[in-house]
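Got a minute for some charge pairs and a greasy spot?

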Amino acid sequence: MAVFAAVRAGGVLLVAVSAWWSGKDPVAVLGTSWDSVWYIGIAEHGYGRTQVWVDIGSVQSDLAFFPLYPGLMRLLSGLLPWVGPAGAGLLLAWAAAVAGAVGVYRVGELVAGARAGVLLVVLWGVLPHSVVLAVAYTEALLAALAAWALYAVLRGRWLWAAGLAVLAGVTRPNGIAVAVAVSVAAGYELLLKPDAPARVWAAGLLAPAGWTAYLLAVGVRRGDPLGGYFAVQRSWGSYFDFGRGVAGSVGRVLTKGTPLVTTLVPVVILVALVLAVLLVRSRSPLPLLVYTGVLLVITLGGAGFFESKPRFLLPAFPLLLPAAAALARARPRTAVLVTAALAGLSYGYGTYLVLAAPLPL
């Protein structure tokens, strides 16, 4: 917790100082940017808001946003009315980030040792887009639920894993990755041990319940139980196209001038793919491979929001395990220099993202 807080405090401080310097309120910058406004609206008024874009013929609905985070915002702002929904969103995101850091450490410690676990937390905290962990967004909450669900699976605590997977499933659309990891791990356990306890069966069956329930609820509300939610997502320009949209966007970045927020995306994708190969070669536990693989498929196979792809991969912390293990074997000086360089990049780029980027996070 201390290591993560120290790593991220520098980035938040730079954002705050830069916001003050430019005449902006740091709390407003971190708590009411881009999608945060949608979460605040749901927390204050419930679902039902739409945004009409006449020029492109698009009607965006707040039903695209899953309910756990705005529901918690509403609860916390009711208990602490002086903080307001934006403040509640920030408090939740920060608390989730710290809880997530502890879960990330526990997974890293279990798989690669205590030193690698600490370095895994450090690397996760200095990713280029790790500023999102301090913004009123849902990535920190999903990462926390995912980390602890994966840790529970690795320790054989199946019902805990299933419960956390259910919560992850009502946090973000890609929260299904947690459920798939838990269900596949349970299925593999049953394959090896047909007489496994009933809790293994229960975990495998219950894990997708949260995600499935929300999709069905939106579908019923839209008059199409199975396809209603996906229609909502298509109205946002988000649908699964097997990577054609990402490939086209990468091609445009390589052949045309694009803003920095877009230019860095192909680099992040390439590094993520390399790390994924290393993760597989390191023979990491099956739940980590499944979880990371599903996140990669959803992120890279989905159309729309190309500039947000690195943010969508922020909860994919197992990708960093090979790098953390390598740094754990390196000299302390090397680990410090690498961390310092990455922290500098993360702080500068994160400040650009929340204060100057021309496209959404």
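Before we start, one bit of bookkeeping: helices here are DSSP runs of H or I with at least four residues, numbered from the N terminus. Also keep in mind that this is a predicted model.

Q: Is Y188 buried, partly exposed or exposed?
A: Y188 belongs to the nonpolar patch and is found in helix α9. Buried would need under 20% relative accessible area and exposed over 50%. Y188 comes out at 43%, so the label is partly exposed.

Q: How many salt bridges does a search of the whole structure find?
A: Side chains of opposite charge can pair when their charged atoms come close. Here the cut-off is a Lys or Arg side-chain nitrogen within 4 Å of an Asp or Glu carboxyl oxygen. Run over the whole structure, the search gives five.

Q: How many residues apart in sequence are the parts that R311 and D35 tie together?
A: The closest N and O atoms of R311 and D35 are 3.8 Å apart, which makes the pair a salt bridge. R311 lies in helix α16 (residues 309–312), while D35 is in the loop between α2 (26–31) and α3 (36–45), so the parts being tied together are separated in sequence by 276 residues.

Q: What is the relative accessible area of R311?
A: Buried means under 20% here. D35, the salt-bridge partner of R311, is buried at 18%. R311 is buried as well, with a value of 4%.

Q: About how many helical turns separate R106 and E109?
A: These two side chains meet in a salt bridge, N to O at 3.2 Å. R106 is partly exposed at 32%, and E109 is partly exposed at 28%. Both sit in helix α5 (residues 84–112), three residues apart, so the separation is about one turn.

Q: Which residues are joined with R172 into one salt-bridge network?
A: R172 forms a salt bridge with E139, the closest N and O atoms being 3.2 Å apart. R172 lies in the loop between α8 (158–169) and α9 (176–192) and E139 in helix α7 (residues 139–154), so the pair ties together parts 33 residues apart in sequence. R172 and E139 are both buried. Through salt bridges that share partners, R172 is in one network with D35, E139 and R311.

Methods
Residues numbered from 1 in each chain as written. Predicted model: local features only at pLDDT ≥ 70, side-chain atom pairs only at ≥ 80, totals over all residues. Heavy atoms only, no water. Helix = DSSP H or I, 4+ residues; strand = E, 2+ residues; numbered from the N terminus. Buried < 20%, exposed > 50% of the residue type's maximum accessible area, 1.4 Å probe, protein only. Patch = residues over 30% accessible without salt bridge, like charges linked within 9 Å, V, L, I, M, F, W, Y side chains within 5 Å. Areas by Shrake-Rupley, 256 points an atom, 1.4 Å probe, with all protein chains shown as cover.
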